[in-house]
Amino acid sequence: MTNHHDMNNQEDARLGQEVEAQLKEVLNRLPNVVPVYLFTRKGQDDAFVKAARDLVRAFRSLSKKIDFREYELGGELARKWNVNRSPSILFDPERFSIRYLGVPYGEEGRTLLAAILLVGMRASGLNEQTRNVLQKIDTPREIKLFVSATCPYCPDQAINAIKTVIENPRLFSLEMIDIQSNADLAERYSAYSVPQTFANDVLIAQGAQPEELFALSLEKMEPQSVFIPESDAQVVETDVVIVGGGPAGLSAGIYTVRSGLKTAVIERGPLGGQVATTPVVENYPGFARVPGKALVDILVSHALEYVQIYHGEEVLDILPNDTVEVITSRRKFLCRAVILATGATYRRLGVPGESRLAGRGVSYCATCDGPLFRGKQVIVVGGGNSATTEALHLYNIGVQVTLVHRRDTLRAQEHLVRNIRDNSIPVLWNTEVQEIKGKERVSEVVLYNNKTRETSSLPTNGVFIAIGYNPTVELAQKLGIELTPDGFIKHDSHHRTSIRGIYSAGDVEGGYKQIVTAMGQGTEAALSVYEDLMHPYWQVQQGVV
Ligand code: NAP
């Protein structure tokens with residue numbers, strides 16, 4: 001008799017075979033053979049080298065389109081291409097200067113696959129606006145991109161950089177640097193947050209960017225946050241536009257399309273919202289424990305069966321009318337209703353040193369940056385579900401963590417509070433961070449005990465800030481939508497906002513801010529949109545129908 005476990009294993013194996021078959025097909029269809037050269041130090045046979053070799057071999061075994069070779073450092077080819085780190089992986093080095101230093105495992109598997117596919121295509125696939133920006137650059141740019149296996153944002157930025165090199169191999173070169181196997185380089189560049197991008201050793205970006213912003217940062221040689229397109233936007237006609245690709249937006253999309261409404265989801269950053277960077281989710285019914293990123297992948301693939309997702313595109317303006325115009329950084333959408341599911345962004349402490357040392361020991365994402373602090377001493381600031389979840393995650397991966405909370409009780413779920421206690425994670429109660437200090441990177445924090453009124457200094461390598469989120473309401477404000485006194489979008493029980501045709505869903509509405517509640521709100525908003533388009537309530541109110 002087959003039990004559940006066997007059935008699951010069989011299902012996994014079947015899925016695995018299916019993915020492998022698809023991968024083989026994609027690789028075999030590549031128009032060009034992709035030389036992939038692994039360089040290792042003679043005699044070095046550690047876990048990094050073994051993992052790198054096994055990974056590339058696994059890909060090679062799938063298709064003859066991958067011409068995999070291994071060389072040693074110090075040899076003729078290593079000298080020719082100036083390779084001096086082990087392991088290093090070079091992709092078609094006669095044509096492109098694209099290399100990966102370290103082992104592309106975990107999230108970085110996506111980067112490895114993208115590098116092989118893009119190099120095999122020899123076409124960047126960048127959009128016209130991005131190519132226009134890159135064409136303005138006329139001096140070389142050596143790009144260094146720091147990445148880690150546990151960072152879900154990193155492959156997006158890596159893909160931007162790979163495409164850029166393919167677009168103009170004469171001017172652009174790329175080193176993707178896995179911080180785990182190149183801790184010394186991360187240290188030298190003070191890259192304590194990933195992804196982090198340098199061009200000619202100048203920091204040009206922290207975090208993943210839409211491709212146009214990446215190109216613009218590369219052109220301007222400093223971080224850019226807004227891209228205004230130069231050409232007339234192309235027009236997309238649809239029924240519903242959903243702004244935001246987190247649990248609320250994606251759930252809403254599944255429901256609007258299933259109601260028969262054509263829908264576009266627009267997301268400027270990584271899909272999945274905050275869940276993508278939540279280490280482990282333990283309260284999503286049906287999954288006892290699931291990494292946030294895995295949950296996002298499942299959700300995004302499900303949503304993609306229905307909606308079209310416009311990723312890396314920013315909504316700049318919404319002009320409400322009978323036909324609503326949604327203007328983004330790339331085009332214009334004409335639709336009948338908009339759902340704002342813009343979520344929330346990290347709240348900042350607002351203390352001296354915080355912004356100067358962001359990415360230099362100050363972090364808002366323990367999943368992304370935690371591995372950099374293994375064996376080191378960090379503090380987590382906050383006393384809610386996020387702070388406790390992050391503290392536990394850091395503790396579990398071997399970081400020495402202290403929780404710093406401004407009151408004498410945590411506001412987290414009892415289960416999390418118990419875990420903090422059971423693992424003897426130290427908590428500094430009634431303590432506020434007054435200043436974050438450090439020259440190149442964080443070295444200490446100034447703490448203030450609001451009970452004893454004493455100020456003290458605590459040496460630390462990192463400060464993880466998890467003090468809640470501010471709703472992302474810039475668009476809503478620009479539109480003149482009414483907000484609640486707490487700054488969230490004001491809405492009725494149908495998720496209608498104060499402007500007809502514009503709805504809200506998820507964390508931007510305030511409330512419980514759970515993944516399942518956001519999904520529920522997204523679903524309700526979608527169903528309301530459908531009902532309102534079928535039976536326009538404003539016409540009923542005006543006595544038209
Ligand atoms: P939160 O629940 O709003 O808690 C924020 C914490 O940071 C509070 O302890 C607050 O202190 C502290 N804080 C706020 N501003 C501060 C400042 N300027 N200086 C020092 N401390 C400050 O935020 P969250 O933990 O990020 O969670 C956000 C939402 O997501 C919540 O609704 C939460 O339930 C949800 N979430 C759920 C889970 C889960 O269910 N496992 C996991 C993550 C997030 P006080 O306590 O003194 O106000």
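Predicted model: local features only at pLDDT ≥ 70, side-chain atom pairs only at ≥ 80, totals over all residues.
Residues are numbered from 1 along each chain as its sequence is written, and side-chain values use heavy atoms, with hydrogens and water left out.

**Domains and their interface**

- The protein chain is split into domain 1 (24-220), domain 2 (234-345 + 470-541) and domain 3 (362-467), with bounds taken from an automatic or database domain assignment.
- A distance of 32 Å separates the C-alpha centres of domain 2 and domain 3.
- Domain 2 gives 7 residues to the contact and domain 3 gives 9 residues, where contact means heavy atoms within 4.5 Å.
- About 530 Å² is buried between domain 2 and domain 3, 53% of it on carbon and sulfur atoms; buried area is the accessible area (1.4 Å probe) that two parts lose on being put together, summed over both.
- On the domain 2 side, Thr 277, Pro 279 and Glu 282 lose the most area to domain 3, together 73% of what that side buries.
- The rule finds 2 residue pairs in polar contact across this interface, both at pLDDT 80 or more; a polar contact is a pair of N or O atoms within 3.5 Å, and within protein one must be able to donate a hydrogen and the other to accept it, while residues adjacent in sequence count only if both atoms are side-chain atoms.
- The side of domain 2 that touches domain 3 has 2 nonpolar, 4 polar and 1 charged residues.

**Ligand surroundings**

- There are 19 residues around the ligand, of which Asn 283, Ser 386, Arg 406, Arg 407 and Arg 411 come nearest; a residue counts as near if one of its heavy atoms lies within 4 Å.
- Domain 2 and domain 3 each supply at least three residues to the shell around the ligand.
- The shell holds 4 nonpolar, 10 polar and 5 charged residues.
- An N or O atom in the side chain of Ser 386 is 2.6 Å from an oxygen atom of the ligand.
- For Arg 406, a polar side-chain atom lies 2.9 Å from a ligand oxygen atom.
- For Gln 413, the corresponding distance to an oxygen atom of the ligand is 3.1 Å.

How values were computed
Nonpolar A, V, L, I, M, F, W, Y, C, P; charged D, E, K, R; others polar.
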